[in-house]
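This report describes the strand arrangement of one protein model, moving from individual residue pairs to whole sheets. Please keep the sequence and the structure in view while reading.

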Amino acid sequence: MSPATSQHDVAVIGAGPAGLTAAVALHAAGLDTVCVEARDRTGGRLATTADGLDVGATWFWDGEPRVAALAARLGVALFEQHRAGDAIAQRSAGIQRVTGNPIDVPAYRYRPGAAALTAGLAARLPGAALRLSTPVTDIRRNGGVVEVRTAAGLLNAGQVVLAIPPALAMASIDFHDALEPEPARLAEATPVWMGGVVKVVATYRTTFWRAAGLAGAAISWTGPLREIHDMSGPDGSPAALFGFAPAAAAGPGFASAVTTQLAQLFGQEAAQPEALHVQDWSSERWTSPPGARHLTDYGLFGHPLYQRPALAGRLHWASTETATSHAGHVEGALLAGERAARAVLAAPLPHGLRPHDHPYDDRM
């Protein structure tokens with residue numbers, strides 16, 4: 001075996017919440033597990049700026065127990081989304097102040113930012129088990145093992161957990177026609193959550209909209225931002241608003257159009273943010289393949305084929321798009337990661353290898 005080849009029970013592809021959930025559970029169960037990630041960071045679509053602002057996933061809600069339990073286990077402090085005040089509706093006919101806030105619902109945010117969840121999970125893996133800046137280029141079967149080729153070399157594994165968006169996997173990984181036709185077609189057609197969205201976060205010196213009795217929430221039929229929410233930290237610091245725009249809107253002059261819109265909605269103070277973070281998820285190489293914004297059949301999320309292994313029983317789907325509930329949420333990613341880990345532990349491993357004698361535990 002060459003120095004560039006390593007042998008493992010399981011290879012997990014993707015170090016977002018789904019992949020790290022699976023990797024931590026499998027490592028705790030005694031399997032030799034390696035998690036590879038194309039980016040130079042963990043988190044995937046959980047992305048937090050240096051000043052604690054989330055340009056990816058932001059919230060979780062009541063009825064999502066896995067996220068709440070994970071935050072508690074990792075010691076990630078939470079706080080409630082600010083909702084007090086009036087909302088704004090923007091139509092082509094004009095702008096209307098809406099008494100109360102029918103836009104926001106009760107939700108929770110992560111005091112240090114959402115990326116603290118995946119940072120905490122990654123800390124539960126030994127250093128050698130997590131390999132960043134390691135994109136996967138090829139996956140193929142070779143007898144009783146799966147060969148996972150990366151830029152750094154070859155990983156031989158008995159089982160593979162694929163914890164990246166299915167459409168991205170099909171566009172960026174060569175399966176050498178080994179993936180069965182039906183799941184391959186499904187994966188190519190499945191939308192990428194956030195794949196057609198731009199998220200914008202504008203920071204300010206103060207939460208001046210709150211002083212005006214506004215919640216920081218708005219809905220717009222004219223754009224470029226279609227919905228806007230308060231993203232301020234605990235007690236209003238740092239002060240911030242954020243909004244979503246369709247990726248097609250993010251052309252030349254987008255930033256100027258955003259600040260103009262914010263000023264129309266919240267007053268001239270909104271025209272001069274201290275910083276404007278623009279995260280175009282449609283252009284993120286390791287999130288969205290070319291054309292992802294045109295994949296719109298969200299009914300494919302959680303498809304029954306994703307609940308069954310592919311590649312002759314050796315490849316397990318584990319991104320949030322594959323979850324049977326809460327697909328597109330962090331909760332869905334955790335659910336998919338747990339399901340994939342259980343499937344791996346139930347599968348035969350090559351050469352009679354079996355995990356150590358402690359079963360998979362939801363509380364990992």
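Which residue in β14 stands opposite isoleucine 219? In this predicted model, the residue facing isoleucine 219 is glutamate 227 of β14. Alanine 218 likewise has a counterpart in β14, namely isoleucine 228. The two strands concerned, β13 (residues 214-220) and β14 (residues 227-230), run antiparallel and are joined by two bridges. They form a hairpin with six residues between them, and in its turn glycine 223 has a positive phi of about 80°.

Strand β13 also pairs with β5, to which it is joined by four bridges, and here the two strands run parallel. Within this pairing, aspartate 86 has leucine 214 of β13 as its bridge partner. Six of the seven residues of β13 are buried, so that the strand is mostly covered.

These strands belong to an open sheet of seven strands with mixed pairing, whose order is β6-β5-β13-β14-β15-β12-β16. At its edges are β6 (94-98) and β16 (275-280), each of which pairs on one side only. Neighbouring strands in this sheet are turned against each other by 20° on average, with direction ignored. Helix α7 (residues 254-266) packs on the sheet and touches β5 (86-91), β6, β12 (197-204), β13, β14, β15 (239-246) and β16, while its direction makes about 120° with that of β13.

A further open sheet consists of three strands in the order β3-β7-β4, with antiparallel pairing. Because β3 (59-60) and β4 (78-80) stand at the edges with a single partner strand each, one side of each is left without a neighbour in the sheet. The pairing of β4 with β7 (residues 108-110) is antiparallel and extends over three bridges, and in it tyrosine 110 of β7 is the bridge partner of leucine 78.

| Strand pair | Direction | Bridges |
|---|---|---|
| β13 and β14 | antiparallel | two bridges |
| β5 and β13 | parallel | four bridges |
| β4 and β7 | antiparallel | three bridges |

As for the confidence of the prediction, the protein averages a pLDDT of 94, and 95% of the residues score at least 70. Over residues 352-364, however, pLDDT stays under 50, and for this stretch the model has 28 contacts beyond four places in sequence.

Terms used:
Residues numbered from 1 in each chain as written. Predicted model: local features only at pLDDT ≥ 70, side-chain atom pairs only at ≥ 80, totals over all residues. Heavy atoms only, no water. Pairing = 2+ DSSP bridges. Axes fitted to C-alpha atoms, helices over the stretch in contact; angles between N-to-C directions. Contact = heavy atoms within 4.5 Å. pLDDT = per-residue confidence, 0-100. Buried < 20%, exposed > 50% of the residue type's maximum accessible area, 1.4 Å probe, protein only.
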